[in-house]
Amino acid sequence: MNQYTLKIKRLVPDAVLPAFAHPDDSGMDLCATEDAVLEPGARALIHTGLSFELPPSTELQLRPRSGLAIQNGISMVNTPATIDEGYRGEVCVILINLGSEPFAVKKGMRIAQAVLCPVIRPNIVEADTLSETDRGIGGFGSTGV
């Protein structure tokens, strides 16, 4: 049962509303509202033409599409990107071309995924000590650097 409602406003008439490709997908596809060419190593802000009203205590995370990554070396500079609950501006995607060939973004192309996630807002408390664990301070990363 779906307990969340995600309100989406089209800022341009031909903006594509996000959709789940499969019923059990966690990410909704976001589409470009413009054409652009990304040269190798270049990055660009790509517009979706959409703004969102998120449910309380959630964020929208934007993530790269694996197909664009493996086939063309296209990713996002800030991944995952966080869209905060209170933001009402246009959601845009910062794409980067990590490939060796120019990449053409086409209007209507699926450029990223959006995942609605719960947010925990803890009470922040400064502490002089922290509890002990078996790992302690060892192993930056899971096995150490």
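**Entry 1: ground rules.** I am working with a predicted model, where local features need pLDDT of at least 70, side-chain atom pairs count only at pLDDT 80 or more, and totals for chains, interfaces and linings use all residues. Residues are numbered from 1 along each chain as its sequence is written, and side-chain values use heavy atoms, with hydrogens and water left out.

**Entry 2: the chain as a whole.** Helices (H or I, at least four residues) and strands (E, at least two) are DSSP runs, numbered from the N terminus. In sequence order the pattern reads β-β-β-β-β-β-α-β-β-β-β-β.

Next I checked the dimensions. The radius of gyration is 19 Å, while a compact globule of 145 residues would come out near 15 Å. That radius is taken over C-alpha atoms, and the globule rule is 2.2 Å times the number of residues to the power 0.38. Along the principal axes, the C-alpha atoms fill a box of roughly 55 × 40 × 30 Å.

I then asked about burial: 31% of the 145 residues count as buried. Here buried means under 20% relative accessible area, exposed means over 50%, and partly exposed is in between (1.4 Å probe, protein chains only). The chain exposes about 9,700 Å², with 53% of it supplied by carbon and sulfur atoms. These areas come from the Shrake-Rupley method with a 1.4 Å probe, and for residues only the protein chains shown count as cover.

Residues 24 or more positions apart account for 70% of them.

Entry 3: I counted 12 positive and 17 negative side chains, and the centres of the two sets lie 8 Å apart. Lys and Arg count as positive and Asp and Glu as negative, leaving out His and the chain ends. Each charge is placed at NZ of Lys, CZ of Arg, CG of Asp or CD of Glu.

How many salt bridges does a search of the whole structure find? It finds five, a salt bridge being a side-chain nitrogen of Lys or Arg within 4 Å of a carboxyl oxygen of Asp or Glu. I noted three of these pairs in detail.

Arg65 and Asp29 meet at 3.7 Å, N to O. They link distant parts of the chain, 36 residues apart: Arg65 is in the loop between strand S6 (58-63) and helix H1 (66-72), and Asp29 is in strand S2 (residues 28-31). Arg65 is buried at 15% relative accessibility, and Asp29 is buried at 12%.

Asp29 also forms a salt bridge with Arg110, with the closest N and O atoms 3.4 Å apart. Because Asp29 lies in S2 and Arg110 in strand S11 (residues 110-118), this pair ties together parts 81 residues apart in sequence. Arg110 is partly exposed at 38%. Glu85 lies in the loop between strand S8 (81-83) and strand S9 (92-97) and Arg121 in the segment after S11, so the pair ties together parts 36 residues apart in sequence. Glu85 is partly exposed at 24%, and Arg121 is exposed at 54%.

**Entry 4: backbone details.** Which peptide bond did I note as cis? The bond from Thr79 to Pro80 is cis, with omega near -5°. Pro80 sits in the loop between strand S7 (74-76) and S8.

I also noted Ser57, a residue other than glycine with a positive phi, near 60°. Ser57 is in the loop between strand S5 (50-53) and S6, and is partly exposed at 37%.

**Entry 5: two more residues.** Is Ser75 buried or exposed? Ser75, in strand S7, is buried at 17% relative accessible area. Leaving aside neighbours within four places in sequence, Ser75 is in contact with Pro64, Ile94, Leu95, Ile96 and Leu98.

Gly41 is in the loop between strand S3 (36-38) and strand S4 (43-47), and is exposed at 53%. With neighbours within four places in sequence left aside, Gly41 is in contact with Ile96 and Asn97. I also looked up Gly41 against Asp134: they are 93 residues apart in sequence and 43 Å apart in space, C-alpha to C-alpha.

Definitions and conventions. Contact means heavy atoms within 4.5 Å.
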